[in-house]
Amino acid sequence: MIKIKALNKEFLSGTDNTFHALKDINLEIKDSEILVLKGISGSGKSTLLSIIGAIMKPTSGSVEVDGENIVSYTDYFASTYRESRVGFITQSFHLFDAFSVRENLFAALANSALSLVEIQERITEVSSTANISHKIDAPVTTLSGGEKQRCIIARALINRPEIILCDEPTANLDRENSLAFVEVVKRLKEMKKTVLIATHDTIFDDLDFVDRVVQMKDGELE
Ligand code: ADP
Ligand code: MG
C-alpha cells in the first residue's frame, strides 16, 4: 500500500521564483492496483512518479510504502528501496548499446548476491514476461525501438520489484508495440504488481484490468 499525504513539490526557477509543480497531493494506491495517471504535459506526472520512486525529494508531505515514509530515507536507504522494490519503465533510461539484451540484464544484477543459476532464471523469467526472449543475445544496437522498450521492461522487472512506475511508456511506440505494452501491463496485473502509468495515450482508456484512472492538472489531482 502506498499512501501519499499532503505532497508538495516546488522548483526554484530564477533567483527567488518558485514553481509549484505538485500541490497538496493525497492519494492511496492499493497493492496490485493498476493506476493510470492522466494529464497534459507539465501537469506534474513525472514529478510525482520520481518522488514515489525516491529519485526526487518533495518539498513537504510524505509517501508511505507499507507504512514506511520513503521521503525521509537517507541516500543509502533510498537507493536500496529503488533497487529492491521499484521498477522504472521510461524512455530515457539508457541501455548499454554495445551489450546484448542478456548482458544488459546481467549488468542490472551486478550488485546482487544471487548465484549464477538464479541470475539465469531471472533473465529467462523477465525476458519472457517482456517478450524479448527471441532477441536475448542480440546487441542492443540491432534492436528496433519496440524491442529496446521490451529490454527496458525486462530490466525493470529483474529485481522482482512490487512497484512498477511507467512514465509515458508508449510515447515513442507505434500502435502495434503500444498494444504489446498493454499486454505486458495485463501480465503485471496477473503477477499482482502495483503499477502506475503516467500517460496521455488514450490506449489506456477503458481497459478492464485498469483499476483506476486519475487526472492531474496544474499539479493537482482532480
Ligand atoms: P509531466 O510529466 O506531467 O509533463 P512534470 O512533472 O515533468 O510534468 O513537470 C511539471 C512541471 O514542473 C512543469 O511545468 C515542469 O516545467 C516543472 N519542472 C519539472 N522539473 C523541473 C525542474 N527540475 N526545475 C524546474 N521546473 C521543473
Ligand atoms: Mg512527464
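Tutor: Contact means heavy atoms within 4.5 Å. The model discussed here is predicted.

Student: Which residues does Ser178 touch, leaving out those up to four places away in sequence?

Tutor: Ser178 touches Thr170, Leu173, Asp201 and Ile203. Ser178 itself sits in helix α6, which spans residues 175-190.

Student: Why is Ser178 called buried?

Tutor: Buried means under 20% relative accessible area. Ser178 has 3% relative accessibility, so Ser178 counts as buried.

Student: What makes Asp205 and Lys38 a salt bridge?

Tutor: The cut-off is 4 Å between a side-chain nitrogen of Lys or Arg and a carboxyl oxygen of Asp or Glu. The closest N and O atoms of Asp205 and Lys38 are 2.7 Å apart, so the pair meets the definition. Asp205 lies in the loop between β8 and β9 and Lys38 in strand β3, so the bridge ties together parts 167 residues apart in sequence.

Student: Are Lys38 and Asp205 buried or partly exposed?

Tutor: Lys38, at 9% relative accessibility, counts as buried. Asp205 has a relative accessible area of 28% and is partly exposed, because that class runs between the 20% and 50% limits.

Student: How do you know that Arg85 and Asp66 form a salt bridge?

Tutor: Their side chains meet at 2.6 Å, N to O, and the limit is 4 Å. Arg85 is in helix α2 and Asp66 in the loop between β4 and β5, 19 residues apart.

Student: Why is Asp66 called partly exposed?

Tutor: Exposed means over 50%. Asp66 has a relative accessible area of 48%, so Asp66 is partly exposed.

Terms used:
Residues numbered from 1 in each chain as written. Chains lettered and ligands numbered in written order. Predicted model: local features only at pLDDT ≥ 70, side-chain atom pairs only at ≥ 80, totals over all residues. Heavy atoms only, no water. Helix = DSSP H or I, 4+ residues; strand = E, 2+ residues; numbered from the N terminus. Buried < 20%, exposed > 50% of the residue type's maximum accessible area, 1.4 Å probe, protein only.
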